[in-house]
Amino acid sequence: MKDFHGQALSWDIANGVIELGLHRDPCNEIGTLALDELEKFCRALEHLQHHAHALIVYSELKCGFCAGADLRELYERSSSMEKTAAAQGVRDFLERIHRVMNVIDAAPLTTIAAVHGVVFGGGFELALVCDLIIADKMARFCFPELRLGLIPGFGGIPRLKRDLGNAVVRDLLLTGRSFNAAKAQQIGLVSQLVGEGEALRVARGTAEQLGKFDRRTAIAAKEFIKPLPYEELKREIDIFCDLFSHPAVQAGLKKFVESTEAQPYLP
């Protein structure tokens, strides 16, 4: 499937560059709908990757790149199910999203996240899957899961440990605070910091430049410097599922869902 336009995301390919655009209101929350379409993209990627050298992931929405998991859906599903069934449902969802993230992480392409605004939770984890992060100066990065009694569940911890020092990882995970784009570049999370509204344009220019290099070399280099931490990723799912069973998590989700704030995901 060369081109696709779904309810949560779209993709197309031109001049050897695949562009995956997120466009689900209110801020690209990742729930069942988005996961279904991400899985469809991964199946299409098996063919597309033979005709491309780069992949750009970006958001079409003004609010930002992605606010993370669809917590309302998570709460509604878990509160309406028997406890054991709800726990299994959460595990099944995490295993599916991990498979998607791993496919994009290991793709034989140079992958670029062009981010702006909110890059939180699962959205932050999606950006971490990519080889390069190009950030609008107004972007903010955060793992707010701590406020819900959880840890990131889409693979964020092992990928942060792979890419950054433990001091940064602990700061993000234990404080729940956000980093602005300048701080993210300073600590080595962001490869390029660009002007407001410029992330996608710069990502496209970078992808065009990458097309001038030998693809076999790029693939070999990526395999060498970016191994997937499979065992830690599996452990993350186990820890998340254990924490999810605690009453405090349901209370935190309920508070989030009932919030009247315009953007309750903001710290």
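Strands here are DSSP runs of E with at least two residues, and helices are runs of H or I with at least four residues, both numbered from the N terminus. Phe4 has Trp11 in β2 as its bridge partner, and a hairpin of three residues joins β1 to β2.

Strand β2 also pairs in the antiparallel sense with strand β3 (residues 17–22), over six bridges, and Leu9 has Leu22 in β3 as its bridge partner. The hairpin formed by β2 and β3 has two residues between the strands, and Asn15 in this turn has a positive phi of about 55°.

## Helix α10

Helix α10 (residues 230–244) has 15 residues and reaches 21 Å from its first C-alpha to its last, close to the 21 Å expected at 1.5 Å a residue; the expected span is 1.5 Å times one less than the number of residues. Leu233, Glu236, Ile237, Phe240, Cys241 and Phe244 of α10 are buried. These residues lie on the same side of α10 because they cover an arc of only 125° around the axis, taken from the directions from the helix axis to the C-beta atoms.

On the other side of α10, Glu231, Lys234 and Arg235 are exposed. Buried means under 20% relative accessible area and exposed over 50%, with partly exposed in between (1.4 Å probe, protein chains only). The cover over the buried residues of α10 includes α3 (83–106) and α11 (247–258), with contact meaning heavy atoms within 4.5 Å.

## Basis of the values

Residues are numbered from 1 along each chain as its sequence is written, and side-chain values use heavy atoms, with hydrogens and water left out. Because the model is predicted, local features need pLDDT of at least 70 and side-chain atom pairs count only at pLDDT 80 or more, whereas totals for chains, interfaces and linings use all residues.

Conventions: Pairing = 2+ DSSP bridges.
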